[in-house]
Amino acid sequence: MSIPVIDLAGALRPGDAHHARSAEVAEQIRSAGEAAGFFYIVNHGLDAALIARQFDAAKALFDLPETDKEAISLAHSRAARGHERIGAQTLDANARPDVKESFYCGIEYPPDHPYVQRGYYSYGANQWPAQRPWIAAQSLAYTGAMCALAQRLMQLLALSLGLPESHFDHIHASPMVTLRMIRYPAHPADADERTFGAGAHTDWGAITLLAQDAWGGLEVQMPDGTWTAATPLEGSLVINLGDMIPRWTNGRYHSNPHRVRNTRSGGAPRYAIPFFYTPDYMARIEAVPGSVPDGAAPLHPPCTVGEHLQEMYRKTYGVQAA
Ligand SMILES: O=C(O)CCC(=O)C(=O)O
Ligand SMILES: [Fe+2]
């Protein structure tokens with residue numbers, strides 16, 4: 001089994017004039033959603049230089065002295081923004097702590113934004129490295145471009161479910177997005193079978209748009225249970241559906257587990273930059289029209305975006321494998 005490649009050429013703009021291409025893409029998304037919930041996109045309209053510069057930003061940030069990274073530690077943030085040392089997260093509770101270093105950032109919501117005032121999870125100030133001011137500017141530009149693409153993908157997702165492409169448009173007001181830069185050191189020489197760069201997990205939001213470098217190391221669990229490499233494909237992004245999508249589709253589309261081991265880089269670090277797109281904190285997630293059979297109850301009770309995500313974050317921090 002393999003991960004499909006979806007060509008977005010001609011399907012990037014909404015509206016009837018583009019409907020034939022969009023409908024073809026929607027059909028491919030339906031097929032991918034019903035399988036592992038993973039697909040590559042090509043001709044996605046993002047500037048290759050913008051993506052390349054985000055990798056430069058990741059390298060520059062992780063290359064800072066430890067004390068500079070400590071100064072912007074996640075631990076100092078009320079908004080889940082900042083640097084996280086190796087071993088801080090354990091995505092798979094049955095595995096060892098993840099062998100990765102990462103940095104979380106996102107939309108710069110101002111202090112007077114109502115969600116910041118209410119202390120909603122992940123809404124608030126970023127912590128940028130003062131030594132490299134261009135990293136902030138670059139990451140915010142990248143976040144803006146990724147948000148626009150994610151919102152178009154949500155439209156194509158709506159189409160794929162037989163809904164108007166505008167179905168999800170009203171839930172994007174103050175999206176809960178996270179741009180995460182990750183550096184995986186070489187897979188440790190003493191690694192055992194419970195050692196991963198990122199332990200097997202599903203993503204928790206709506207959709208993830210992943211840029212990865214040329215080494216590879218990401219593996220996806222296919223519907224038959226086997227693990228397939230998401231081999232880097234020049235010019236592509238890897239898209240995967242997060243756990244909100246099975247809620248919206250009443251289990252029709254899947255958010256399959258995936259994991260990372262940096263074993264293919266010949267000792268070099270691997271960089272990956274997932275962009276987690278999640279709609280407005282207050283948006284309701286409930287089975288879309290037509291997804292629940294007549295007379296049946298939905299598989300998941302309705303909830304808000306905020307309720308769902310907060311629960312998922314709680315689960316993977318502080319969980320240490322023995
Ligand atoms: O490093 C990768 O390729 C994927 C990372 C990932 O799955 C995640 O951060 O959720
Ligand atoms: Fe993931």
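My entries follow, one topic at a time.

**Ground rules.** I am working with a predicted model, in which local features need pLDDT of at least 70, side-chain atom pairs count only at pLDDT 80 or more, and totals for chains, interfaces and linings use all residues. Residues are numbered from 1 along each chain as its sequence is written, while chains are lettered from A and ligands numbered from 1 in the order in which they are written.

I looked up the strand order. Eight strands form an open sheet, ordered 1-2-10-7-12-5-4-3, with mixed pairing. Strands (E, at least two residues) and helices (H or I, at least four residues) are DSSP runs, numbered from the N terminus. Two strands pair if DSSP finds at least two bridges between them. At the edges I find strand 1 (5-7) and strand 3 (82-84), each pairing on one side only. From one strand to the next, the twist averages 25 degrees. Strand 7 and strand 12 run antiparallel, with six bridges. Thr 208 has Phe 276 of strand 12 as its bridge partner.

**Strand 4.** Is strand 4 mostly covered or mostly open? It is mostly covered, as five of its five residues are buried. Buried means 20 or more other C-beta atoms within 10 Å of the residue's own; 12 or fewer is exposed, and in between is partly exposed, with C-beta atoms placed from the backbone. In a regular strand, side chains alternate between the two faces of the sheet. Here Glu 101, Phe 103 and Cys 105 lie on one side, Ser 102 and Tyr 104 on the other, and all are buried. Three bridges join strand 4 to strand 3, in the antiparallel sense. Glu 84 stands opposite Ser 102. Five bridges join strand 4 to strand 5, also antiparallel. Tyr 104 stands opposite Arg 180 there.

**The ligand.** Which strands each supply at least two residues of the shell around ligand 1? I list strand 5 (178-184), strand 7 (207-212), strand 11 (258-260) and strand 12 (270-277). Arg 180 is one of the residues around ligand 1, and others include Asp 203, Gln 212 and His 258. To be near, a residue needs its C-beta atom, placed from the backbone, within 6 Å of the molecule or strand. The shell has seven nonpolar, two polar and two charged residues. Nonpolar covers Ala, Val, Leu, Ile, Met, Phe, Trp, Tyr, Cys and Pro; charged covers Asp, Glu, Lys and Arg; the others, Gly among them, are polar.

**Two helices.** The axes of helix 1 and helix 5 come within 8 Å and cross at roughly 80 degrees. That makes the two helices roughly perpendicular. The class limits are under 35 degrees for roughly parallel, over 145 for roughly antiparallel, 65 to 115 for roughly perpendicular and oblique for the rest. Axes are lines fitted to C-alpha atoms, for helices over the stretch in contact, and angles run from 0 to 180 degrees between N-to-C directions. Leu 157 counts as buried because it has 26 C-beta neighbours inside 10 Å.

**Positive phi.** Ser 122 is not a glycine, yet its phi is positive, about 75 degrees. Ser 122 is buried, with 24 other C-beta atoms within 10 Å. Asn 250, also not a glycine, has a positive phi of about 55 degrees. Asn 250 counts as partly exposed, with 19 C-beta neighbours inside 10 Å.
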